[in-house]
Amino acid sequence: MPHQAWSQTLGIHIEMKNNERIIQYFDLGLSGKTLARDIPHSMASPRTLDELMNELSQLRELNKARKKVTAGSKLEFRLEDMEELDNCWILLINVVDTEAAHPVTQLLGGDDSDREVTELSEDRGLESSSHLIILKDQTAANKHLALFEKSSSLPFAKAGSFLNHLFKVSARHNNNDYKKPHPSGEEGKTINVFCNISFLAHPSDEFRQELDSGQINGIKITSDMDVIRGYDSNTHSELIGADIKMKVGRLDVLLNGGNWGHLQKALQHADTLNSPFVRVSFTDESGSGHTATLSTDTGNLWQADKYVKKCKIEGFGNALRTSFPNIHDGIKNKMIELIQ
C-alpha cells in the first residue's frame, strides 16, 4: 500500500496540509469504572459500543457534548458531528484554541502590503478538526480497531480524554441506568459506574527497526500487587503495582533471536502471569534512549505517540481546511479504504 511507505518516516509534530492527512492506527478497549471506595476500579463495560455512541448522539442534541479543560481554559473541545455506518462509527472532534498564534498569509513573491494577519481573541480561536473511525466488530482481544486523523492541535491523548469526559457526563445524565448493585451484595446498596476507553497504538515498522538495531537496557513485566506474598490491600493501600525484571544480557537476547524476539518472549511470560503490560527500555544506534510500554494481550503500545503506525491519505485538490462543521466525505472515504 503506497500510503504505508510514508508512515514510518514522518515526525511526531505534523502540520495540517491542504491536500493530505495523516492517519494513526489504534485499538480501543471499553471498560467500566467506579469512584466508589474499596472496589476495583476496572470492570466490564456497562455499555456496548453502539449503546455508548447512541448516548453521545443524545448529548449532542442536548448541547452537552463539549468541554473546557478548566473554567478559565483557552481550549474548548466539541463533538461536532457523528455518523453511523453498518460496520463503524465516525466521529468529528473539533477543538478551538484561543491561545494559538495569529495566522499570517502572504503572496509568493509578495511584499509587506500583501501580508494579511488573522487576529484571534479571547473569544475567537483557531479551530482544528480530527476524524475518528471506530469499527463495531471486536478483535480477538476484544478491542475495536480505531483510525484517527492526526492533528498538531488535537493529539490523540487529548481526544481520548475528551471522550472519557463525555462518557462521565452521559453516566450522570442517565444516572439510573448506571447504578449497579454493590459487589458486597448488601441489599439496597448500589454504586455508580461509568464507561472508560483506553487506546493502544499499533506499533510502526520504525519501532521494530530501532529496537532490533539498538541495545536493550531493560525489560520489566508489570503485575498487580496480588503476586506479592503478604500483600494486603488495606495495609498496603499506597502500593499499586509490581515490576518483574527480565534478563537482558547479550546471550539471553541472542538465544531468543535478537531484541525483537526477546521482547516477544517477555510478552509470552507476561501473558502466563496475567500481567497487563511489558515495559522495554533501549538505546538506538544514535545513542538516544527510548522507553515503550506494550499491552500483553495485543502487543500494541500503551500511551504512545512516537512509534504509532501512520499512513498518509492525499488527493484532496488543495481544498482541505483546518476544521469542518460536518464529517468530510473525502477524508471519511479515504480512511475507510485503509480498513477494507
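**Strands, core and rings**

Modeller: Let us start with strand pairing: Gly218 stands opposite Ser281 in strand 13. Please bear in mind throughout that this is a predicted model.

Colleague: In which sense do strand 11 and strand 13 run, and how many bridges join them?

Modeller: Strand 11 (residues 215–223) and strand 13 (residues 277–283) run antiparallel, joined by seven bridges. Strand 11 also pairs with strand 12 (residues 242–246), in the antiparallel sense and over five bridges. There, Ile219 stands opposite Met246. As a general idea, side chains in a regular strand alternate between the two faces of the sheet.

Colleague: How should I read a nonpolar core, and which residues touch the most other members of the largest one?

Modeller: In soluble globular proteins, nonpolar side chains tend to be buried together. The largest nonpolar core here has 57 residues, of which Leu56, Leu79, Leu163, Phe207 and Val280 touch the most other members. Helix 3 gives the largest share of this core, eight residues. Leaving aside residues up to four places away in sequence, Leu56 touches Leu79, Met82, Leu163, Leu166 and Phe167. Another core, of 19 residues, lies apart from the largest one and includes Cys88, Leu135, Ile313 and Leu320.

Colleague: What is the reach of helix 3 from its first C-alpha to its last?

Modeller: Helix 3 (residues 156–173) has 18 residues and reaches 26 Å, close to the 26 Å expected at 1.5 Å a residue. Its buried residues include Phe156, Leu163, Leu166 and Phe167.

Colleague: How are aromatic pairs described, and how many does a search of the whole structure find?

Modeller: A pair of aromatic rings is described by the distance of the centres and the angle of the planes. The search finds ten aromatic pairs. In one of them, the rings of Phe156 and Phe199 have centres 4.3 Å apart and planes at 90°, so this pair is edge-to-face. Phe156 belongs to helix 3 and Phe199 to strand 10 (residues 190–201), 43 residues apart. Phe156 counts as buried because its relative accessibility is 7%; Phe199 is buried as well, at 12%.

Colleague: Why is the pair of Phe207 and Trp260 called edge-to-face?

Modeller: The planes of Phe207 and Trp260 stand at 75°, with the ring centres 6.0 Å apart, so the pair is edge-to-face. Phe207 lies in helix 4 (residues 205–213) and Trp260 in helix 6 (residues 259–272), so the pair ties together parts 53 residues apart in sequence. Both Phe207 and Trp260 are buried.

Notes
Residues are numbered from 1 along each chain as its sequence is written. This is a predicted model: local features need pLDDT of at least 70, side-chain atom pairs count only at pLDDT 80 or more; totals for chains, interfaces and linings use all residues. Side-chain values use heavy atoms; hydrogens and water are left out. Helices (H or I, at least four residues) and strands (E, at least two) are DSSP runs, numbered from the N terminus. The expected span of a helix is 1.5 Å times one less than its number of residues. Buried means under 20% relative accessible area, exposed over 50%, partly exposed in between (1.4 Å probe, protein chains only). Two strands pair if DSSP finds at least two bridges between them. A nonpolar core is a set of buried Ala, Val, Leu, Ile, Met, Phe, Trp, Tyr and Cys residues joined through side-chain atoms within 4.5 Å. Contact means heavy atoms within 4.5 Å. Rings of Phe, Tyr and Trp (its six-membered ring) pair if their centres lie within 6.5 Å; planes under 30 degrees apart count as stacked, over 60 as edge-to-face and the rest as tilted.
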